[in-house]
Amino acid sequence: MKTLVFATNNKHKLDEVRKIASDLVNIVSLEEIGCHDDIPETSDTLEGNALQKALYIKEHYGFDCFADDTGLEVEALDNAPGVYSARYAGPGHDSEANMTKLLKEMDNIENRKARFRTAIALILNGKEHLFEGIVNGRITKEKRGTSGFGYDPIFVPDNYTQTFAEMGNDIKNTISHRAEAVKKLSAFLSTLSE
């Protein structure tokens, strides 16, 4: 089975992706390859950040690798926070602060439409590949639910009544933006001969 490094330090993401793709590839974490670097994410696009992270691992550690970047894009806020989703309320990657800031900015705004978008960049055998997953939905007026991470307690996907944080990981992992992108990655990997 092919081994790929997933360039993330986010254990939630790692678990999510391993559940979706573990029958196709052996997914190894940054910790498992001894990478404790602060990998730069300086692009102004999700695709650019994902590619930057994957290239960094390939160049510095020599492993075929994939990386993702995810953003919450809120229609009424001109698609903010977007590429800045993790650092929306400041540099600390504080989910509670990010949600609080977003809900405050959405006060008195009727249009609650939003989407989560994940871009995955894969570096494999010297070639770059990009995969995208999108899930449309809306922003709630208050936090609901305790599972998941990030903005999950304030995002309800279209055709559902529960937030990602209320529905639990089993359901979320089949319909989420990351699941869509990882399914495309998996479909691509399944076409490769060993």
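**Entry 1: charges that pair**

I started with Lys-53 and Glu-41, whose side chains meet in a salt bridge at 3.5 Å, N to O. By salt bridge I mean a side-chain nitrogen of Lys or Arg within 4 Å of a carboxyl oxygen of Asp or Glu. Lys-53 lies in helix H2 (residues 46-61) and Glu-41 in the loop between strand S2 (26-29) and H2, so this pair ties together parts that are twelve residues apart in sequence. Helices (H or I, at least four residues) and strands (E, at least two) are DSSP runs, numbered from the N terminus.

A note on the source: this is a predicted model, in which local features need pLDDT of at least 70 and side-chain atom pairs count only at pLDDT 80 or more, while totals for chains, interfaces and linings use all residues. Residues are numbered from 1 along each chain as its sequence is written, and side-chain values use heavy atoms, with hydrogens and water left out.

Next I checked accessibility. Lys-53 is buried at a relative accessible area of 7%, whereas Glu-41 is partly exposed at 27%. My cut-offs: buried is under 20% relative accessible area, exposed is over 50%, and partly exposed is in between (1.4 Å probe, protein chains only).

**Entry 2: from H2 to S5**

I then looked at Glu-47, which forms a salt bridge with Arg-117, the closest N and O atoms being 2.7 Å apart. Glu-47 lies in helix H2 and Arg-117 in strand S5, so the pair ties together parts that are 70 residues apart in sequence. Glu-47 counts as partly exposed at 26%, and Arg-117 is buried at 11%.

**Entry 3: a bridge and its network**

How far apart are the closest N and O atoms of Asp-152 and Lys-172? I read 2.7 Å for this salt bridge. Asp-152 lies in the loop between strand S6 (127-139) and S7, and Lys-172 in helix H5 (residues 169-175), so parts that are 20 residues apart in sequence are tied together. Both ends are buried: Asp-152 has a relative accessible area of 2% and Lys-172 one of 1%. Salt bridges with shared partners join these two to Lys-13, Glu-16, Asp-68 and Arg-178 in one network. Searching the whole structure, I get 18 salt bridges.

**Entry 4: rings**

How many aromatic pairs does a search of the whole structure find? It finds five. Rings of Phe, Tyr and Trp (its six-membered ring) pair if their centres lie within 6.5 Å; planes under 30 degrees apart count as stacked, over 60 as edge-to-face and the rest as tilted.

Phe-116 and Phe-155 are edge-to-face, at 4.7 Å centre to centre with 65 degrees between the planes. Phe-116 is in strand S5 (residues 113-124) and Phe-155 in strand S7 (residues 155-157), so the pair ties together parts 39 residues apart in sequence. I find Phe-116 buried at 5% and Phe-155 buried at 0%.

Phe-116 and Phe-164 have ring centres 6.1 Å apart and planes at 20 degrees, so I noted them as stacked. This pair links strand S5 with helix H4 (residues 164-167), 48 residues apart. Phe-164 is buried too, at 0%. Ring pairs link Phe-116, Phe-155 and Phe-164 into a cluster.

**Entry 5: charges over rings**

The charged end of Lys-101 sits over the ring of Tyr-88, 4.4 Å from its centre.

Conventions
Lys NZ or Arg CZ within 6 Å of the ring centre and 35° of its normal.
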